[in-house]
Amino acid sequence: MNELRSKRITQADIASRAGVSVSTVSRVLTNEPGISDTIRQQIFKVASDLGYPLKAAADTMPGGLALIASDSATGGLSVFYEGILEGLRAGAAERGMPFDIRLVREARTSPEHIQEQLQAAGAEGLFLVGIDPPDDLRPWLEESGTPTVLVNGNDPKLRFDGVSPSNFFGAYAATRRLLDAGHRRILHFTGSHRQTIRERVRGFEAAIASVEGAEGRLVPMTFRGSSSHEAHDTTAAILAEDRSFTAAFCMNDFIAVGVLDAVVEAGQRVPEDFAIVGFDDLPCALMTNPRLATMRVDRAALGREAINLMIARLRDRDAPARQVCHAVTPVPGGTLPPET
């Protein structure tokens, strides 16, 4: 180490110490896409340990601003987006991108407000987190050439880069878990103007259609106040009139918690009489009795992927837009019988 510090550190030194090629080191230090986060982190750590100057890349990297939708009930940051925010921050730091964050109401996403926010932050790239660009914003983003990445979102016309969980396939897999457990009448608690949630509805309906004799019912949510309380009251009303439905797939874990409470209060056994699968794998899924079966979304990975998309966009602003979907994975729980 002392010998290396006595001379000018080169990319070849970093490559030798990290066990990678010089070209890989070069691509990482110039923030090129296509390198795994694990290798990228390893190279940055070795470069830092050897005293290689890393600030030069950050000094020339355009800045990014993330606008995150505030929770409609509390006005604060939704638990779901905390993990995404962690990934955004970590990814920006690793790639040397100046990065700032603002919490906004979706109603305040006019072109004038967005332009004001970008100028105040000194940022070129815009991350819309949990926000689908409204009709007046989309044309402005295109005409102004503002590099934009939709985080936990997608554009049906693929005008903007985006990253999201695989909502259609995740919902399909969640519903199939209930169908494979023998349930044929299944409720789906849902409700949102967002494209991502509509894809979960499509996944639910496709899974129901894949099994002869299965029947699904969409249960719309208004989200006026606590989603968990609303799900509880809605489920209680349904069970008071019709107990032929024996399972529920919920668009998120907060809703699933409310459904579980109502089912138990109605005297039904879980999962013997009624099974439940949630979505997102939020901390509340660990706090129910029995523990909630759900679908895990790697929220930090979504944030990191968004940084990669933005860097690629900043390097080639005329490239076709890309939509990246991350797989969601099943999480076992006591609200679903053991799966084979």
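## Overall make-up

The protein chain contains 13 helices and 12 strands. The model is a predicted one. Its C-alpha trace spans about 75 × 45 × 35 Å along the principal axes. The protein chain has 340 residues, of which 52% count as buried. When contacts between residues at least 6 apart in sequence are considered, 72% of them join residues at least 24 apart.

Strand 6 (residues 185-190) runs parallel to strand 7 and is joined to it by 6 bridges. Within this pair, threonine 190 stands opposite proline 220 of strand 7.

## Nonpolar cores

The largest nonpolar core has 47 residues, and the members that touch the most others are Met97, Phe127 and Val129. Helix 13 (residues 299-315) supplies the largest share of this core, with 7 residues. Leaving aside residues up to four places away in sequence, valine 129 touches Ala66, Leu67, Ile68, Ala69, Tyr81, Ile84, Leu88 and Val151.

Another core, of 22 residues, lies apart from the largest one; Val219, Phe274, Ala285 and Leu292 are among its members.

## Aromatic pairs

Across the whole structure, 4 aromatic pairs are found. One of them joins phenylalanine 80 and tyrosine 81: the ring centres are 5.2 Å apart and the planes stand at 90°, so the pair is edge-to-face. Both phenylalanine 80 and tyrosine 81 are buried.

Phenylalanine 249 and phenylalanine 279 form a tilted pair, with 6.2 Å centre to centre and 55° between the planes. Phenylalanine 249 belongs to strand 8, while phenylalanine 279 is in the loop between strand 9 and strand 10 (294-296), so this pair ties together parts that are 30 residues apart in sequence. Phenylalanine 249 is buried, with a relative accessible area of 0%. Phenylalanine 279 also counts as buried, at 0% relative accessibility.

## Cysteines

The structure has 0 disulfides. Cysteine 250 is in none, and the nearest cysteine sulfur, that of cysteine 284, is 11 Å away. Seen from cysteine 284, the closest cysteine sulfur is that of cysteine 250, and the 11 Å between them is too far for a bond, because a disulfide requires the two sulfur atoms to be within 2.5 Å. Cysteine 250 is buried at a relative accessible area of 0%. Cysteine 284 counts as buried too, at 14% relative accessibility.

## Backbone exceptions and prolines

Most peptide bonds are trans, and most residues other than glycine have a negative phi. Some positions in this model depart from that pattern. The peptide bond from valine 270 to proline 271 is cis, with omega near 10°, and proline 271 is in the loop between helix 12 and strand 9. A cis peptide bond also leads from asparagine 289 to proline 290, with omega near 5°; proline 290 lies in the loop between strand 9 and strand 10.

Aspartate 281 has a phi of about 60° and is found in the loop between strand 9 and strand 10. At 13% relative accessibility, aspartate 281 counts as buried.

## Proline 139

Proline 139 is located in helix 8 (residues 137-144). With 35% relative accessibility, proline 139 counts as partly exposed. The C-alpha atoms of proline 139 and serine 110 are 11 Å apart in space, and the two residues are 29 apart in sequence.

How values were computed:
Residues numbered from 1 in each chain as written. Predicted model: local features only at pLDDT ≥ 70, side-chain atom pairs only at ≥ 80, totals over all residues. Heavy atoms only, no water. Buried < 20%, exposed > 50% of the residue type's maximum accessible area, 1.4 Å probe, protein only. Pairing = 2+ DSSP bridges. Helix = DSSP H or I, 4+ residues; strand = E, 2+ residues; numbered from the N terminus. Core = buried A, V, L, I, M, F, W, Y, C linked by side-chain atoms within 4.5 Å. Contact = heavy atoms within 4.5 Å. Phe/Tyr/Trp six-rings, centres within 6.5 Å; stacked < 30°, edge-to-face > 60°.
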